[in-house]
Amino acid sequence: MALCGGIGALSLPSELIVHIFSFLSDRDKLRASAVCSRWRECLFYPALWTDLKLRLGGSVNGGGTGPGETPKLEFLMRKFGSFVRELELEFSPVEGYPGPVLDVDPDGHDTQFPDRWKDAMGCYLDQVLCVLRSLRNNRNLQKLSLYGATCILQEEGILGSLYSLDQDNQGSKKIKEIQQLFEQVLASSRQLKWLGCAFMLGMVKSRSLLSLSNLSAASLEHLSLLDGHALPPLEGQTPPPSDDRTPPLLCPPELERLPNLRSLVLDFRHFSSAMCQALSDGGRAPLLRLSLLLGGTAPPEAPPTEEDWQALVRQSVGLRVYLMALDGRSEDLLRVLKPSLPLEQLHFDSYAACSAGALELVSQQYHKTLTHFSLVRDNARFPDLSDNRNEDPLVLLAWRCTRLSLLLLHGYTVWAHNLIAIARLRGSSLKVLAVPEESIHFDPDQVQVLEEEPLHHLIKEVSLGLGRAWSPALDSALLLNDPTQHFYREAQSFSVAV
C-alpha cells in the first residue's frame, strides 16, 4: 500500500481508511485491527459496527466461534453491543453434526452424547449470555434476529430440561438468565423494527413480548417466533410430553400492541382463528407476509376458517403466505388449505409421500397466486405421483399455476417426458427447475425410438423449453439435514421483500 515518495497508508485521512475498512467482513476487521494502533483506532470507529452477523458455537472451521473465540466475542460485544443497530445471531452446530452415531448402547442411545455436547452447550449458553448482556441497555437496536440449533433442541435430554427449568443445575440457571436478559433487551429498545427468535433453547416464554417497550411495539414491522416444540422427534427418539398444549409465544391480545406489523412468522399450531381475526382488525396496518411452519403436530384447536381468511384478505389486500409442511401427511395439509388463503410459496417436506389429491387441490385453488413449489422426501423409495406415465399432477400444476417461477423436486419419480412438458408450459418464466438425476425415469418405449442418449436428449429439450442451459441437479444438503433452517432463512427472505 506504499504511496509515491515513501509515504505509506498511515498518511491517509482517517475518514478514507474507515471507508476502505467498511468493505471488510466482521472477522477481517478484527484481524486487521492487530496490524497497528492507527488501524485499530480506525477499525473501532462506531460507524463500522452498526450491523453485526455472528455465528455462535460450533468451531472456527465450521464457520462459528468456538470456545477459544469467546474472549474475542466478549471484546467485540463490549465495544459495540450498546450501539449496534442490526444484529443477526445464528448458532452453528458442532462440526461434523449431523453425522452417523458410531457408538450406541443396547437401547440404541449414543453413548458419546455427554462428551460430544457438554462443552458445546456450555460454549453456546455462555456466548448467548455474552451477547445479550451487551445489548440490554441498547436503545438504538432496530433489528434483532436470533436462530438456534434445532439439532440440539431435538436431542434427548436437552428437550427434557426445557420442560423442567426449575432444576437446580447450571444449565437451567443460564437459560433462566438468558430469558431475563432477552426481556431486558426488549424493554430497553426504543425503535425496534425487526424481531426474530427461532429455536433458541427456551429463550422466549409465552409472556416475553409483554416486556417490549411501547415505542418498539409501535414501530415493530416484522416478528418471527418459533420454538422447538413443533419439531418432529428424531428417529428412535421418545417425543416430549404432550399432556397439555404448550402456551403460544404470541397471543391475539398482544397483537393490539403491534399495530404496524407487516410480516409475521409463526408455528401454524399457534395461528388460531382468534389470531386471524385480530390481524383482520381495521385499525391495523395491512399484513403483507405470513410464513407458517406446519410441523408434525396437531393444528390449532380452532384453526382459521374460510371466513377468517376472507376477512384477513379484505383487510390486507397484498397479503402473501409461505407455508412449509414438515414431516406431516397430505391429510394434515388438506385440512389447513382454505380456498381464500393467498398461498404464494408451498414447501412439503415429509417422509410420508404427498398425495396426487393434495397436488390437485393446490393447483386448482392457488393457480393465481402460487409462485414457489417444493416437494421433498428423504427416503430410499421414489413414489410416482401419477396414476400412469401420462397423467402427472405436476404437469397440471405447471399448466394451471401461470405465475410459477420455482419448482423443486427431490425423492419422487418424475418421468422425462413430463419434465419436458413442464419446461415447455412455463418456459423462461420458470426461473428455477431443480430435479436430481436419480428422480428422473425414462419411458422404455420412447427410449427405443430416440436416436441419442436419453439423458442428453432430456437436457437438450428442457433447455430449449426454458430458453436457457439446464441440467438435472439439486443441492439438497440444507433441505435434508436441517429443513427448519431452510424454512427460517426462506421466511426471512420472504419478509425482506416487503
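The entries below cover the model itself, then the sheet, then the helix packing.

**Entry 1: basis.** I worked from a predicted model, in which local features need pLDDT of at least 70, side-chain atom pairs count only at pLDDT 80 or more, and totals for chains, interfaces and linings use all residues. Residues are numbered from 1 along each chain as its sequence is written, and side-chain values use heavy atoms, with hydrogens and water left out.

**Entry 2: confidence.** I looked up pLDDT, the predictor's confidence in each residue, from 0 to 100. The chain has a mean pLDDT of 80, and 79% of its residues reach 70 or more. A contact means heavy atoms within 4.5 Å. Where pLDDT is low, the predicted coordinates should not be read in detail.

**Entry 3: the sheet.** Helices (H or I, at least four residues) and strands (E, at least two) are DSSP runs, numbered from the N terminus. Two strands pair if DSSP finds at least two bridges between them. I found an open sheet of 12 strands with parallel pairing, in the order E1-E2-E3-E4-E5-E6-E7-E8-E9-E10-E11-E13. E1 and E13 (432-434) are the edge strands, each pairing on one side only. On average, neighbouring strands of this sheet are turned by 5° against each other, direction ignored.

**Entry 4: strand pairs.** I checked E1 (residues 51-56) against E2 (residues 86-91) and found parallel pairing over 6 bridges; Leu56 stands opposite Phe91 in E2. E2 and E3 (residues 143-147) run parallel and are joined by 5 bridges, with Leu146 in E3 as the bridge partner of Leu89. E4 (residues 194-198) and E5 (residues 222-226) are likewise parallel, with 5 bridges. There, Gly196 has Ser224 of E5 as its bridge partner.

**Entry 5: H13 on H14.** Two packed helices are described by the angle between their axes and the distance between the axes. Axes are lines fitted to C-alpha atoms, for helices over the stretch in contact, and angles run from 0 to 180 degrees between N-to-C directions. The axes of H13 (residues 356-365) and H14 come within 9 Å and cross at roughly 5°. The two helices are therefore roughly parallel to each other, the term for angles under 35 degrees.

**Entry 6: H14 on H15.** H14 (residues 393-400) and H15 pack at about 5°, with axes 9 Å apart. They are therefore roughly parallel to each other. From H14, the contact uses Leu394, Val395, Ala398 and Trp399; from H15, it uses Asn418, Ala421, Ile422, Leu425 and Arg426.

**Entry 7: H15 on H17.** Which angle do H15 and H17 make where they cross? I recorded roughly 15°, with the axes of H15 (residues 416-426) and H17 (residues 454-466) coming within 7 Å. That makes H15 roughly parallel to H17. On the H15 side I listed Ala416, Leu419, Ile420, Ala423 and Arg424, and on the H17 side His457, Leu458, Glu461, Val462, Gly465 and Leu466.

Definitions and conventions:
Parallel < 35°, antiparallel > 145°, perpendicular 65-115°, else oblique.
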